[in-house]
Structure formats: C-alpha cells, structure tokens
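Thanks for sending this one over. Here are my notes as numbered points, beginning with the pockets and moving on to the core and the strands.

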Amino acid sequence: MTSPLAIDGGSPVIPERLPSIRDASGRSLGAEELEQLREVITSGSLSFLYGRKTAEFEAAFAALYGVESAVSVSSGTAALHTALLYLNPEPGDEVILSPITDMGTAIPVLSQLAVPVFADVDPRTQSLDPASVEERITERTRAIIVTHIYGNPADMDAIMAIAARYGLFVIEDCAQALLATDRGRLCGTMGDIGCFSFQQSKHMTTGDGGMVIAREDGRFGRALRQCADKGWPRDKGGRDHLFLAPNYHMTELQAAVGLAQLRKLPGMVERRIRSAERLTAALAGVDVEPIAIRAETQGTFFFYGFRLAPERLRVPVTQVMKALTAEGIDGFVGYPGPIPLYKYPVIREHKTFGTSGWPFTLAAARNWNYADEICPVAEKACRETVCMWWTEGFGDDHPGEIAAAIAKVVAAYGQQG
Ligand SMILES: Cc1ncc(COP(=O)(O)O)c(C=O)c1O
C-alpha cells in the first residue's frame, strides 16, 4: 500500500529541504568570491572608472563566448534594454516576443515606447513558434526577442531565416540559458545580440547583474557601451552625451563575484545537467511530460519543467502543486506564472507612463486586447506546467527523491489513484 500524501498527513518523500538557489545550500559562493571581493575592497575602487574587475570580467566573458566584446550591466533587464537602445526603434515600432518569459523581457520594449507583440509558443518546448512569429510580422516590426526558456535553445535557425527575410533584428534573451548550445553554437551568439542575467537564481550569480554581447557593426549609429552609459563616448575623452541612455553600470563588487563565478560556471552547469538527466530517466513511466529539448541542442536547466495532463487528473493542477510542495518539491505552476506575460496589469491594463497608456495607445499601435487568449498554446502551458527550481547543489540522491515525490502525487491524483 502506498503511504498517504504528505498534504494529507503522510510522511514527505523528500526527507530534508532540497538545496536551494536562495541560499548557500544551492549556491557555490565561497573563498574564491571572498578573495576577489577582498581585492576590490582593499583597492578602495568600487567603480569601473577606477578599478579593473569590471573590465576583467567582461574580457573573461567575451573569451568564453568567443566574441570581441561584452558589456557588463546591472541586471538582465538592463542587458535587454541596452540591446534595444542599440537598435533604437521609433516609438510605435513593434517588437515580437514570447508570452512565456520574465517581465524583464518586456520592460525594455515598453521603456523605448515600442509595442510588445506576443507570438505563440511550441507546445512541447514552450519556446517561440517560428510560424506564429512570422504571422505577427507587420510593416512596423523591427525586432524579435527570443527567450531560450528554461535553459533550452529556441529554434534559432528558423527564426534567423524569418528575420533575414523581413530585415529584422534578433535579440537573444539568454537569462536562463548560460552555456546552452545548438549544434555547438552558444546561445547568445546566433542572433544579432545576446543578453544574460546574473540574478540570484541564475546559473551563476552576482546577486543582480547582466551582460550584453554583440558583433558591433555600427549599423544603427550607436556604440553598445554608450547605450548603458548615458550615451557617453568616454573613449573620446571629455564629457559628451550623444543620446538618451541610462546608467546601467555593474559595480566592481559585482564584477569581482562574477569573475569567480565565471570560472566555476562550466562545472556548475554540468552538475545542473547531470541531475536533470537523472530525473528525466527516473520519470520514465510517470504520467508527466518533461519540457522537450530540441534535438542536437544542449539545454542547461534553469528550471526543470514538466507538463501535467489535467484530463487525466482528478484534481486541479494547483492542487497537485500543493501536494508536491508538501512532499518537499520546490516549484510552482507556470512560467512566468499560471498566466502568460501579457495578462499582468502593466500590459493588460496599460500601466505605463502616467495615464497616457503609451506605447499601447500610440496611433501606430495595433489594438490588442490582452484579456483575450492571444496565444492559446502559451495560456494552456502556463496552466499545466510545473516549474521546479534547479541548482548545482543537488547531490546524487536528489533526482531520485524528486522523481519519487512526483510519482507518488501523480499516482494519488491520477484517474486510477
Ligand atoms: C528569461 C528572462 N529574461 C529576462 C530576465 C530579467 O533578468 P533580471 O531579473 O536580471 O533583470 C529574467 C530573469 O528573471 C529571465 O528569466
């Protein structure tokens, strides 16, 4: 006889709290970071202006990605904003993006008074469906932001082919996909520009932080670095401000931690992948569908996501999640939540600049009703997906424990349960 669910008073399958990206149990922060920080503190220079850690971190990141230059910034949102500032769209221009991503992907679009246009996702991978992207293109479309969601490479070849046909700029949002690859090509190097986040939960962390990489060709008349530095061409000497741009500098303290973390990154990513692969193997025969990873690509497991089949469950997905939590699983329903990005007030209710409703109300903007099911595949995915926090801190036994917890709950709530 199977034991009662923990939510009903039984013993949880996972005996101890799982390692977590929220604290030292699931983060590899230690002597190397402290040593880097000590150097910065004793130098007395906490700004890139006078210290060397920011430049060193950027050079190390550029070398890892095999690109000429990398610009460090204060967050992943700042990285994406820097990328859009580089493109410099006109107010009312459209930018296509996925509804399954963090709000940090849409905020830069809104900040530039460009209109976010949501394309639907592939039901198995939950990344942008190239056919839906193409359907959404109009004469106002300037760019596509491709989020490599859950750490899995999106279909960049198909998207780049569409972008080439319509002359669009492609921004890769790699906030969840550090070191993910598609036939050996790193995510962030396949589009026009790649953006990364080092926020607490990411594959490596500086608390908050980000990076932008690009092959700069001057086609938009702006230098990438100036887009995160008040439009200031510091390399020319003196003070000048060529265009409107924020100050998104990373501090030397963040860069110091970043340098130490970057050296550990391949090992940390490898451990995430290894435990995820163990879980996938252990879930064989359990009635869940792990998020698909496209053939010949290597995902790096920001979350481990799996899909439930509500038609084969006797209770709502939210109840399954409560029961999983009681068994010791660290997760939640749907990304960014049980609703897609466009259903949050900032977009759905146009909560932007004063009462203007810009950019949604600009004459050029199409009249989307974000209360509608604009992207039905994404809506369903948000309701049916369980996202579990993943970390390099998992040991050999954790994937088996997690699988056993999922199997117990799904069996109890399945139609045969
Ligand atoms: C896919 C995606 N895009 C953008 C962001 C924004 O990054 P940040 O939180 O560092 O601003 C995140 C972070 O949560 C993310 O997961």
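1. Helix H3 gives the most to the lining of the second largest pocket, with three residues. A pocket here is an open set of points on a 1 Å grid over the protein atoms alone, where a 1.4 Å probe fits and protein lies on both sides within 12 Å along at least five of seven lines; lining residues have an atom within 4 Å of a point. Helices (H or I, at least four residues) and strands (E, at least two) are DSSP runs, numbered from the N terminus.

2. A word on the source: this is a predicted model, where local features need pLDDT of at least 70, side-chain atom pairs count only at pLDDT 80 or more, and totals for chains, interfaces and linings use all residues. Residues are numbered from 1 along each chain as its sequence is written, and side-chain values use heavy atoms, with hydrogens and water left out.

3. The second largest pocket has a volume of about 290 Å³, a volume being the space filled by probe spheres set on the points, with grid points joined across faces, edges and corners. It is lined by 23 residues, and Asp-102, Ala-175, Ser-197, Lys-202 and Tyr-335 are the closest to its centre. Two or more lining residues come from each of helix H3 (76–87) and helix H4 (103–111). By class, this lining has seven nonpolar, 12 polar and four charged residues; Ala, Val, Leu, Ile, Met, Phe, Trp, Tyr, Cys and Pro count as nonpolar, Asp, Glu, Lys and Arg as charged, and the others, Gly among them, as polar.

4. And the largest pocket? Its volume is about 340 Å³. Among its 24 lining residues, Phe-48, Glu-58, Arg-225, Asp-229 and His-249 are the closest to the centre. The elements giving two or more residues to this lining are helix H2 (53–65) and strand E1 (69–73). Its lining has 10 nonpolar, six polar and eight charged residues.

5. Which residues have the most contacts inside the largest nonpolar core? They are Phe-61, Ile-347, Met-388, Ile-402 and Ile-406, in a core of 128 residues. Helix H7 (residues 252–282) gives the most to this core, with nine residues. A nonpolar core is a set of buried Ala, Val, Leu, Ile, Met, Phe, Trp, Tyr and Cys residues joined through side-chain atoms within 4.5 Å. Buried means under 20% relative accessible area, exposed over 50%, and partly exposed in between (1.4 Å probe, protein chains only).

6. Ile-406 is worth a look: leaving aside neighbours within four places in sequence, its contacts (heavy atoms within 4.5 Å) are Leu-283, Val-286, Val-288, Phe-306, Leu-324, Ile-329 and Met-388.

7. Strand E14 (residues 385–389) is largely enclosed by the rest of the structure, because four of its five residues are buried. Strand E12 (residues 303–307) runs antiparallel to E14 and is joined to it by five bridges, with Arg-307 partnered by Thr-385. Strand E13 (residues 331–333) is also antiparallel to E14, with three bridges, and Phe-332 stands opposite Cys-387. Strands pair if DSSP finds at least two bridges between them.

8. There is also an open sheet of three strands in the order E7-E6-E11, with antiparallel pairing. Strand E7 (185–186) and strand E11 (297–298) are its edges, each pairing on one side only. Between strand E6 (residues 181–182) and E7 there are two bridges, and Asp-182 stands opposite Arg-185.
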